[in-house]
There are 2 protein chains.
Amino acid sequence: MSDEKPGRGLPTISQVAEVAGVSRATVSRAFTRPQMLSADTVAKVKTAAKSLGYVPNQVARALSTGRHGNIALIVPDVANPFFPPLIRGAQGRADLAGLCLFLGSSDETPEREDMLVAKFAGQVEGVILVSSRLDEDRIRAHAARVPVVLINRDVPGLPRVLIDTASGIGAAVDHLAALGHRHICYVTGPAASWSNQQRRRAVRNGARHHGITLTTLPAQRASFEAGREVVPALIASGATAAIAFDDVTAQGLLVGLAERKINVPERFSVIGCDDVLGATTFPPLTTVSAHCDEAGETALDLLSDVIRLRGTRDIRYALDTELVVRGSTGPAPK
Amino acid sequence: MSDEKPGRGLPTISQVAEVAGVSRATVSRAFTRPQMLSADTVAKVKTAAKSLGYVPNQVARALSTGRHGNIALIVPDVANPFFPPLIRGAQGRADLAGLCLFLGSSDETPEREDMLVAKFAGQVEGVILVSSRLDEDRIRAHAARVPVVLINRDVPGLPRVLIDTASGIGAAVDHLAALGHRHICYVTGPAASWSNQQRRRAVRNGARHHGITLTTLPAQRASFEAGREVVPALIASGATAAIAFDDVTAQGLLVGLAERKINVPERFSVIGCDDVLGATTFPPLTTVSAHCDEAGETALDLLSDVIRLRGTRDIRYALDTELVVRGSTGPAPK
DNA sequence: CTGTTAGCGCATTCAC
DNA sequence: GTGAATGCGCTAACAG
């Protein structure tokens with residue numbers, strides 16, 4: 001448990017070669033291309049290796065081959081429930097592709113994100129940037145050094161997967177209109193967020209189409225607290241329903257409303273976005289389902305293509321969304 | 001954007017040396033120990049490096065030094081809100097220590113956890129296992145190959161940080177007793193979980209001490225749904241208050257109760273554990289605060305000590321907990 | 001202060 | 001089918 005250097009003391013390819021009575025090259029082949037060797041030799045090497053507890057040194061292998069099968073996924077905030085399903089989707093695909101996933105969390109700050117990418121760049125074969133807060137120039141700069149795939153960020157020329165909430169948001173406005181609501185609110189998310197801009201536009205278009213009055217209420221951050229604090233303004237606006245930037249904000253709305261004894265959905269309707277809370281709210285939240293796990297999977301597949309093909313293509317992958325009606329929406333109050 | 005091999009084509013130390021008109025060793029030192037060189041030389045090298053876009057190759061450096069500053073953190077489930085704060089705590093400390101954090105999520109299965117540890121082992125200098133679902137033998141086996149630090153798993157001989165919920169749970173029972181509750185329930189978590197065993201015991205001791213009737217209700221998994229489904233049994237038991245294994249389960253309880261129009265805390269009191277939901281429930285959840293961010297920080301410090309000192313010690317670090325009273329607990333109904 | 005000499009552990013040309 | 005060289009890019013003695 002106390003070697004000179006970490007990694008030292010572990011059996012090397014040479015020791016295995018000696019025990020097995022073969023050359024180092026043969027040991028190497030036994031692990032990388034067994035079919036090049038006779039079955040006998042392979043067995044002999046494997047036995048020797050096991051007896052020594054030998055396992056190929058990934059670092060040395062990487063230096064020699066130039067590949068190590070590591071990739072990085074950087075998110076603004078691990079604690080935001082939007083990301084875990086996405087992370088899990090990516091993990092699953094990474095396992096299938098034999099890749100190791102490193103995770104970074106930038107705490108929503110561009111500086112930290114920048115630092116993380118730089119730190120990872122030398123150790124991974126590719127990076128997935130989720131909801132990047134970096135400006136386009138910096139993203140491009142990083143992409144020039146290491147293959148990059150974007151999620152929810154639309155930078156032409158780079159492979160990117162976009163969760164197209166426009167359709168789902170449209171359906172949400174339709175749903176509200178059908179229920180008789182004539183005045184609704186959109187509670188915004190981070191201004192720098194591509195998703196927020198997209199959703200905001202979709203709400204506006206839908207409202208115009210139905211001739212519904214729209215009030216836009218800013219929530220500083222996409223957070224529970226921001227949603228909760230915006231409730232007074234929400235009530236003051238005179239609207240009877242709200243669409244929130246995301247589920248977490250919507251949950252804040254729900255709690256803020258409950259605190260004021262305003263029943264949902266009898267007196268007010270609330271719709272979220274992302275579908276990451278499931279039915280864990282009360283009442284269960286009507287929301288736009290985003291399939292974020294699929295986004296993670298797709299991004300990973302894209303990245304492993306880029307790595308395998310050794311070249312970036314200009315791919316823009318749009319994922320569909322749909323409205324999931326649960327219990328937080330109802331007919332407009334008289 | 002299309003090299004023969006990834007990593008190839010990037011400027012190497014030799015090219016920088018040539019441009020700067022110095023030896024490769026000098027370039028190396030300019031990056032690792034600038035104070036060993038004259039300011040002039042350092043500047044000259046840095047300039048040359050920048051002009052070439054050179055950045056030290058981590059993999060090569062690692063092969064040479066035997067260290068690469070990578071560590072892994074493996075959790076049962078990224079999507080469980082207990083872990084993100086812990087992950088974030090570890091990340092922060094990792095940055096301070098100049099370490100890179102890899103994340104693994106085992107989906108609660110020992111097999112996947114086993115595989116992850118094995119896959120990471122060759123690429124990291126240490127592993128943090130959070131709430132490991134592995135049996136002691138396997139943990140020990142891994143610890144023999146790579147430095148391991150445990151969180152919420154009490155394996156003698158290995159460095160471990162334990163969130164000692166016993167004290168907080170005790171306070172929770174006291175709180176309930178003071179409010180006049182004479183019959184309470186404990187809703188369990190995963191049987192294999194060290195935390196669950198600890199919490200269960202603490203509830204039992206507290207109940208006995210106050211002469212309170214205790215019913216233990218099993219929730220298969222620690223999940224929202226499990227909590228929600230256990231509500232009928234909860235009501236049938238005749239208890240007036242419940243302590244849940246964790247906040248997520250408690251939230252399930254809250255929703256299940258609300259669905260049956262049983263007001264909290266007027267007719268029933270609920271207490272959670274971990275304090276990861278904050279005030280995002282309605283009513284805001286009374287819970288045992290676990291300081292999980294601190295657990296992540298402490299584990300990381302422990303691990304970096306182990307790495308630096310090149311040897312494991314038998315450290316058992318217990319983190320205190322306390323009861324946070326919010327709105328989900330009240331006087332026992334008549 | 002700086003250059004020279006040797007590897008780190010492995011995969012890969014070539015020969016045989 | 002297998003072995004003998006060579007190098008991946010860098011750091012670590014050891015000189016000077």
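This is a short talk through a predicted model with chains A and B and a DNA strand D.

Hi everyone, thanks for coming. Since what we have here is a prediction, let me start with confidence. Chain A has a mean pLDDT of 92, and 97% of its residues reach 70 or more. The exception I'd like you to keep in mind is residues 1-8 of chain A, where the pLDDT is below 50. Beyond near neighbours in sequence, that stretch has 13 contacts in the model.

Next, how the two chains meet. On the chain B side, the elements contributing two or more residues are α4, α5 (83-96), β2 (100-105), α6 (110-121) and α12 (247-259). That side of chain B has 21 nonpolar, 14 polar and 8 charged residues.

Let's move on to the sheet in chain A. It is an open sheet of 6 strands, in the order β2-β1-β3-β4-β5-β11, with parallel pairing. Which strands stand at the edges? They are β2 (100-105) and β11 (316-319) of chain A; each has a single partner strand, so one side of each is left without a neighbour in the sheet. On average, neighbouring strands here are turned by 15° against each other, direction ignored.

Zooming in on one pair, β4 (residues 148-151) and β5 (residues 160-163) of chain A run parallel and are joined by 2 bridges. I151(A) has V161(A) in β5(A) as its bridge partner.

Is L116(A) buried or exposed? L116(A) counts as buried, because it has 25 C-beta neighbours inside 10 Å, and the cut-off for buried is 20 or more. Leaving out residues up to four places away in sequence, L116(A) touches I74(A), G104(A) and S106(A). For a sense of scale, L116(A) and V16(A) are 100 residues apart in sequence and 38 Å apart in space, C-alpha to C-alpha.

That's my tour, and I'm happy to go back to any part of it.

Notes: Residues are numbered from 1 along each chain as its sequence is written. Chains are lettered from A and ligands numbered from 1 in the order in which they are written. This is a predicted model: local features need pLDDT of at least 70, side-chain atom pairs count only at pLDDT 80 or more; totals for chains, interfaces and linings use all residues. A residue is near a molecule or strand if its C-beta atom, placed from the backbone, lies within 6 Å of it. Two strands pair if DSSP finds at least two bridges between them. Helices (H or I, at least four residues) and strands (E, at least two) are DSSP runs, numbered from the N terminus. Axes are lines fitted to C-alpha atoms, for helices over the stretch in contact, and angles run from 0 to 180 degrees between N-to-C directions. pLDDT is the predictor's confidence in each residue, from 0 to 100. Two residues are in contact if their C-beta atoms, placed from the backbone, lie within 7 Å. A residue is buried if 20 or more other C-beta atoms lie within 10 Å of its own, exposed if 12 or fewer, and partly exposed in between; C-beta atoms are placed from the backbone. Ala, Val, Leu, Ile, Met, Phe, Trp, Tyr, Cys and Pro count as nonpolar, Asp, Glu, Lys and Arg as charged, and the others, Gly among them, as polar.
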